[in-house]
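I wanted to go through the salt bridges in this model. These are my notes, entry by entry.

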Amino acid sequence: MYRKDEQPRTPPEEFKLPFEGKLSEDNRWVIMAQWIPWEEFEAEYEELFSSVMGAPAKRFRMALGALIIKEKLGISDRETVEQIKENPYLQYFIGLSEYRNKAPFDASMLVHFRTRINVNLVNKVNRVMIKRMREASKEPVTENQSEAEEGSERKNRGKLIADATCAPADITYPTDLKILNQAREQTEKIIDSLHKSRQDKSEKKPRTYRKKARKDYLEVAKQRRPARKKRRNAIKKQLQYIKLNLGHIDQIIANRGTLDSLNNKQYKSLLVISEVYRQQQWMYDNNKQSISDRIVSLSQPHIRPIVRGKAGVSVEFGAKLSASCMDDYVFLDRISWDNFNESCDLKTQIEAFKEYTGHYPESVHVDKIYRTRENRAWCKDRGIRISGPPLGRPPAHLSKATKKQALDDEKIRNSIEGKFGQGKRRFSLNRIMNKLAHTSETAIAITFLVMNLSAILRQILVSIFLVNYFFRVIDYHNLSVNFFPQKKTDLPF
């Protein structure tokens, strides 16, 4: 049930503390809370709950604020609740009106917050927040300027930067032998559970050869670089053990057995193991190293291998992201667990730029994979310059202006690489700890939201510093005039 209590927005100076004092308006959490559009999405979040049934749910500001705090500080769910309990600024950030010396919710609630607040809702909050900041940072336009710009509304303005990256999941490096060994162990546990639930206790438990299978696995797994023939023979043995165990499971079910004794996790594992066995058996029979929709993790079957061709790691395992950057702000345009060609997203990203700003960009800065003939022709029809050299044989001599423009385009494009580096080094984009597909997508979207919040906070703090520095210079100038007069007649004695 969602019970909406009408609480006025509390200014920071009216936040009640158990001791004397007030919250500082220059604090980073107070500043960030002013720029997030909490109220605009309260109604959309309210639609997820029943109005008559269930316990009262937490408000949208508390749910989203807790996820932002976790990502901003880089801490766990339990530590997030403890930090909110101890810090009055964090309590103000999540929408409380006074300090409370107790946790506002349990740590397990953050899982529900990530489930309810999906990636689309986070992206909407991100775009509205950035639009507010861009409108506030624009200089006021006079009447003459507005009339002069009426004829230039259709002209392209601004720069759009696009690129793709991968957000690796928190799994061990998968190998065929390791996955098959894990699948075999899971089938043995399922057989044990099904045998305990049998009504006829006189029937013997099927033989699984688990000790021998474990020994065969360790014989090859402990070798640093096993030969290809040894590794292939070990995979064959594990496939035979899994086939035997799956046959035992079918036999138990056929002989008045039931799957009701299995919990949801075991039942899901059984379905995943059946698909893993089919894929691995096909690759073994056809002597192949890859297959479509290949499962690389039993606990997270939605994860796929993403071939990136990087120097350090050629293959990453996680979600592939397509993002765009504009005015030091980054947007998450697409997220998928399957590998895709990011050049197909360029038209959608440019159209989203036009819908967001009201005009097409003047130039698009992308890497080589985006510069297809179709994308070049599409951008040319709309007067958009795409970075990079033209198609065909390169000219023998390039002018200095052309070389300078190519260098400037590459410098501009590097800004989105810096955003990816910030997300992977400063925040949690380099290792997604969530286990479910939809909660992982929400965590990735929250990372982009927090990066834009950090950019907004940096701009505001810089402006505050410049204003304070300006007044200090004026005070110093007045002080120097008073103590060091220019004329002798100005002396006080």
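**Salt bridge notes**

I began with Arg-278, which counts as partly exposed at 44% relative accessibility. The model is predicted. I looked up the partner next: Arg-278 meets Glu-275 in a salt bridge, 2.6 Å from N to O. Glu-275 is also partly exposed, with a relative accessible area of 27%. Both residues sit in helix 12 (residues 264-286), three residues apart, so about one helical turn separates them.

Next entry: a pair in helix 9. I found Glu-188 in a salt bridge with Arg-184, with the closest N and O atoms 2.6 Å apart. The two residues lie four apart in helix 9 (residues 176-196), about one turn of the helix. Buried or exposed? Glu-188 has a relative accessible area of 6%, so I noted it as buried. Arg-184 is at 1% relative accessibility and counts as buried too.

Then I checked Arg-304. Arg-304 forms a salt bridge with Asp-338, and here the closest N and O atoms are 3.8 Å apart. This pair links distant parts of the chain, 34 residues apart. Arg-304 is in strand 2 (residues 304-307), while Asp-338 is in the loop between strand 4 (329-336) and helix 13 (346-357). I asked where the 20% cut-off for buried puts them. Arg-304 is at 15% relative accessibility, so it counts as buried. Asp-338, at 37%, counts as partly exposed.

Last, I looked for a network. Salt bridges link Asp-163, Glu-410, Arg-413 and Glu-417 into one. How many salt bridges did I count by this rule? The count comes to 25.

How values were computed: Residues are numbered from 1 along each chain as its sequence is written. This is a predicted model: local features need pLDDT of at least 70, side-chain atom pairs count only at pLDDT 80 or more; totals for chains, interfaces and linings use all residues. Side-chain values use heavy atoms; hydrogens and water are left out. A salt bridge is a side-chain nitrogen of Lys or Arg within 4 Å of a carboxyl oxygen of Asp or Glu. Buried means under 20% relative accessible area, exposed over 50%, partly exposed in between (1.4 Å probe, protein chains only).
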